[in-house]
Amino acid sequence: TGMMTETSNLTRALKGDSKTQGAWGELSLETALKKSGLRAGEEYAAQESHTDEVGNRLRPDFLVNLPGGQCIVIDSKVSLKAYEAHINAEDEEERALHLRAHIQSIRTHIKGLGEKNYQLAVGSHLDYVIMYVPIEGALATALQEDSQLIEYSIDKNVQIATPNILMPVLRTIASVWQVERRNRNAEDIAKRAGGLYDKFVGFTSDMDALGGRLDQARHRYDAALNKLSSGRGNIVRQIEQLKDMGA
């Protein structure tokens, strides 16, 4: 099938290089995170270092943040050697041998990821982590042979996700964040409007007080001017009278 052909090409390209496989798996996962609409450094972060309860340093591949301070750990596990050997084996016996190795590899990854207890180290209230398998066929093939694989992963507090499974989950989280941001903006607008109203009330009060002071100043100015030059017996008139008297 087309999926098997694509998978075969990928596994041939990555055959025998575990570091390249791991980097490719993380790249595939980060691409899914970006396409979902989540923002790097905001809604998700890569390889943050955390310390578990006994002091071990843990670095999960990605943390996806949820509103309310929660987070989901997503770790990419890529082990293509056995799967590549299985789909390219020339006889059924060899295919079956590599298929068993492939299933055992997935179970080993599940066990190891479950024992790390990433969710406890990062302070998440969720009791599971997500193990990302970037090739749909790799998981589908394993599930066809091992019907207990999902039950085993759940027992280890691990949820397995391929791109087709993970993307709707990530897009749902991105939608929740959009609503959260709109709600936060509405709260900020309300706070700013309340603060602006308080400032306006204070401003009008100050203007009223200033108007009162100006009125008082005007009254005092008029009284002073009355004494100086306009009222009966004002200073200017008396000085003029002194002048007329020859002073």
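Strands β4 and β5 pair in the antiparallel sense over 4 bridges, where pairing requires at least two DSSP bridges between two strands and strands are DSSP runs of E with at least two residues, numbered from the N terminus. The model is predicted, so that local features need pLDDT of at least 70 and side-chain atom pairs count only at pLDDT 80 or more, whereas totals for chains, interfaces and linings use all residues. Residues are numbered from 1 along each chain as its sequence is written, and side-chain values use heavy atoms, with hydrogens and water left out.

Within this pairing, L63 stands opposite V73 in β5. The hairpin formed by β4 and β5 has 5 residues between the strands, and G68 takes a positive phi near 95° there. Strand β4 (residues 62-65) also pairs with strand β1 (residues 44-46), in the antiparallel sense and over 3 bridges; the bridge partner of A45 in β4 is L63.

Strand β5 also contains C71. This residue counts as buried because its relative accessibility is 7%, buried being under 20% relative accessible area, exposed over 50% and partly exposed in between (1.4 Å probe, protein chains only). Leaving aside neighbours within four places in sequence, C71 is in contact (heavy atoms within 4.5 Å) with L63, V64, N65, L66, V122, S124 and L126. The C-alpha atoms of C71 and V122 are 7.9 Å apart in space, although 51 residues separate the two in sequence.

The pairing continues in the parallel sense from strand β5 (residues 71-76) to β6, over 3 bridges, with M131 of β6 as the bridge partner of D75. Strand β6 in turn runs parallel to strand β7 (residues 158-161), to which 4 bridges join it; here M131 stands opposite I160. In a regular strand, side chains alternate between the two faces of the sheet. In strand β6 (residues 129-132), V129 and M131 point one way and I130 and Y132 the other way, and all are buried.

Not counting residues up to four places away in sequence, I160 touches I110, M131, V133, L139, L149, I150, S153 and I165.

R107 lies over the face of Y152, at 4.4 Å from the ring centre; the criterion is NZ of Lys or CZ of Arg within 6 Å of the ring centre and within 35 degrees of the ring normal.

For the protein as a whole, 9 helices and 7 strands are assigned. Buried residues make up 33% of the 247 residues. Of the contacts with a separation of 6 or more, 64% are between residues 24 or more positions apart.
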